[in-house]
Amino acid sequence: MRMNNVALYEIHAEIENRCNQNCLHCSSKLLREGESIEYSIENLSHFIKGLNSKAHLYLTGGEPLLYLNLDTALQKLRAAAPLLSIGVFTCGVCLDNSPISQSYAQTLKSSGLEDCYVSLYHIDPIKHDTITGLSGSFEITCESIKNLQSAGIEVKGHLVLTKY
């Protein structure tokens with residue numbers, strides 16, 4: 001059964017288990033133990049080819065921005081399945097604890113990234129930073145959101161309700 005322009009499948013694939021934040025609510029055992037696992041885009045591409053229908057793929061982690069050559073991975077996934085829509089779940093903090101730059105946001109967009117769920121845990125920067133365990137993460141995340149939107153990538157909020 002096909003519906004006009006509606007993805008029949010939504011797939012979440014963890015491509016990176018590392019993260020440069022240490023969120024109070026995170027339950028990733030491997031992340032907490034410091035073990036890094038890199039996942040194969042080739043295996044994921046092979047799986048995606050087999051769907052043979054419209055799908056929306058969300059790359060998750062850890063932090064997908066830490067995946068080496070994320071833009072190339074997006075291009076490979078798009079080539080494997082032309083009907084595929086691609087998004088990411090991200091905190092918006094890059095490897096060097098910087099925001100997603102305007103140029104990198106444009107690169108991600110041209111590589112096939114359509115939307116992002118960005119984690120923002122509180123409107124108070126101090127409380128947000130306390131939850132993420134990374135000083136300055138609120139400002140970095142807000143800058144990333146602006147740059148993603150400027151590049152034409154749809155940004156959605158993502159949060160975990162907590163008592164913090």
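**Strand pairing and salt bridges**

This predicted model has a count of five salt bridges.

Reader: Is strand β2 largely enclosed or exposed, and what shows it?
Author: β2 spans residues 55-61. Six of its seven residues are buried. The strand is therefore, by that count, largely enclosed by the rest of the structure.

Reader: In which sense does β2 pair with β3?
Author: β3 covers residues 84-90, and five bridges join it to β2. L57 stands opposite I86 in β3. From β2 the chain crosses through helix α3, residues 70-80, to β3, and this β-α-β crossover is right-handed. The sense of the β2 and β3 pairing is parallel.

Reader: Which residue forms a salt bridge with E42?
Author: E42 lies in helix α2, residues 41-49, and its partner lies in helix α3, 34 residues apart. E42 is partly exposed at 47% relative accessibility. The closest N and O atoms are 2.9 Å apart, and the partner is K76.

Reader: How many residues apart in sequence are the parts tied together by D115 and K156?
Author: The two side chains form a salt bridge, with the closest N and O atoms 3.2 Å apart. D115 sits in strand β4, residues 113-119, and K156 in strand β5, residues 154-158. D115 is buried at 2%, while K156 is partly exposed at 21%. The pair ties together parts whose separation in sequence is 41 residues.

Conventions: Residues numbered from 1 in each chain as written. Predicted model: local features only at pLDDT ≥ 70, side-chain atom pairs only at ≥ 80, totals over all residues. Heavy atoms only, no water. Buried < 20%, exposed > 50% of the residue type's maximum accessible area, 1.4 Å probe, protein only. Helix = DSSP H or I, 4+ residues; strand = E, 2+ residues; numbered from the N terminus. Pairing = 2+ DSSP bridges. Right-handed = clockwise from strand over helix to strand, strands pointing away. Salt bridge = Lys/Arg side-chain N within 4 Å of Asp/Glu carboxyl O.
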